[in-house]
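I opened a new notebook page for this chain. The entries follow the order in which I looked things up.

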Amino acid sequence: TNGKKTVLDKDKYSGVNGQIIRSPDQTKFVYIEQKKMTEKEYEEMSKIAGSTGQVKILFNVLRNDGSGFAITDYNSSGKFKLTNSGVLINMDESTGEVFADNKLIGKFPVSSGGSLNSNAMLIGSDISRIAYYNGDEGGLTYLDGTVKKMDIMFPKVVSENGKSYLSWFRKCGNDIYIARFVY
C-alpha cells in the first residue's frame, strides 16, 4: 500500500484464502485471513460444531501500516465491516453484541430465541455511528438503546467527498421519497 510492501508472517498468513476489506470512503484497507489451525484445533472445532452448532473462527488482521491483531468471528460467516476511521466491526448475530477491533462496544436487543442479521447493521464514519435496521418496523436501533421509528425502506450508508451519509427510501401515499443525512 502506498508504495510500501508488507511481508506476510508465514506463521499467520498463507496469502491465499484471505480478503481485503476496505472502508466505504476507500481510504482504509485491512487484509483478513482465517487463522491457521492445527489438526487438533480442527478436531475441537468439529466437536463443538457437532454438539452446539455454533463455531467461533479466529481471523488474523493485517493493517496497511504492518500492525496486526486477531479477531473472532462468532457467526462463522466472515462478515466484517471497516469504518472510515479504520476500525474493524463485526457482530455476534445470536447475542446482538457488536465488536470493534475485537473489543465489545455495545449490544443490540435480540428477541427471545431470535437472532440478528449482520447485513442489517449500518455503520457510519466511525463507531459512534452504528445502528441496526429493523425492516419490519422501518426503524433504526442504536447501540445506546435509542430507537428511531422512521418508516424507512432500504437504508444504506454511502460515502461522497470524504463524508458518510445514511440514505433511504420512504413511501408516502403513492409517492416514494429518497432522503439522507450525514452519518
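Entry 1, terms. I take helices (H or I, at least four residues) and strands (E, at least two) as DSSP runs, numbered from the N terminus. The model is predicted, so I keep local features only at pLDDT of at least 70 and side-chain atom pairs only at pLDDT 80 or more, while totals for chains, interfaces and linings use all residues. Residues are numbered from 1 along each chain as its sequence is written, and side-chain values use heavy atoms, without hydrogens and water.

I looked up Thr83 and found it in the loop between strand 5 (81–82) and strand 6. Is it buried or exposed? Thr83 has 0% relative accessibility, so it counts as buried. My cut-offs are under 20% relative accessible area for buried, over 50% for exposed, and partly exposed in between (1.4 Å probe, protein chains only). I then listed its contacts, meaning heavy atoms within 4.5 Å. Beyond four places in sequence, Thr83 touches Ser23, Pro24, Lys28, Ile89, Ile123, Gly124, Ser125, Asp126 and Ile127. I also checked Phe29: it is 54 residues from Thr83 in sequence, and the C-alpha atoms are 9.6 Å apart.

Ile89 is on the contact list of Thr83, and I followed it. Leaving out residues up to four places away, Ile89 touches Lys79, Phe80, Lys81, Thr83, Val98, Phe99, Ala100, Met121, Ile123, Ile127 and Ile130. I count a nonpolar core as a set of buried Ala, Val, Leu, Ile, Met, Phe, Trp, Tyr and Cys residues joined through side-chain atoms within 4.5 Å. The largest one has 13 residues; Ile89, Met91, Val98, Phe108, Met121, Ile130 and Tyr132 touch the most other members. Strand 6 (88–91), strand 7 (97–100), strand 9 (121–123) and strand 10 (130–134) each give two or more residues to this core. Apart from it I found another core of 12 residues, including Ile21, Ile71, Leu82 and Leu88. In soluble globular proteins, nonpolar side chains tend to be buried together.

Strand 1 (residues 19–22) and strand 2 (residues 29–34) pair in the antiparallel sense over 4 bridges. I call two strands paired if DSSP finds at least two bridges between them. Gln19 stands opposite Ile32. The two strands form a hairpin with 6 residues between them, and Gln26 in the turn has a positive phi of about 65°.

Most residues other than glycine have a negative phi. I noted Asp101, with phi near 50°, in the loop between strand 7 and strand 8 (103–107). Phe154 also has phi near 50°, but lies in strand 13 (residues 153–160). Phe154 is exposed, at 61% relative accessible area.

I found Tyr177 in strand 15 (residues 175–182). Its relative accessible area is 46%, so Tyr177 is partly exposed. Ile152 is 25 residues from Tyr177 in sequence and 9.6 Å away, C-alpha to C-alpha.

I count 1 helix and 15 strands. The C-alpha atoms fill a box of roughly 60 × 50 × 25 Å along the principal axes. Of the 183 residues, 36% are buried. Among contacts with a separation of 6 or more, 36% join residues 24 or more positions apart.
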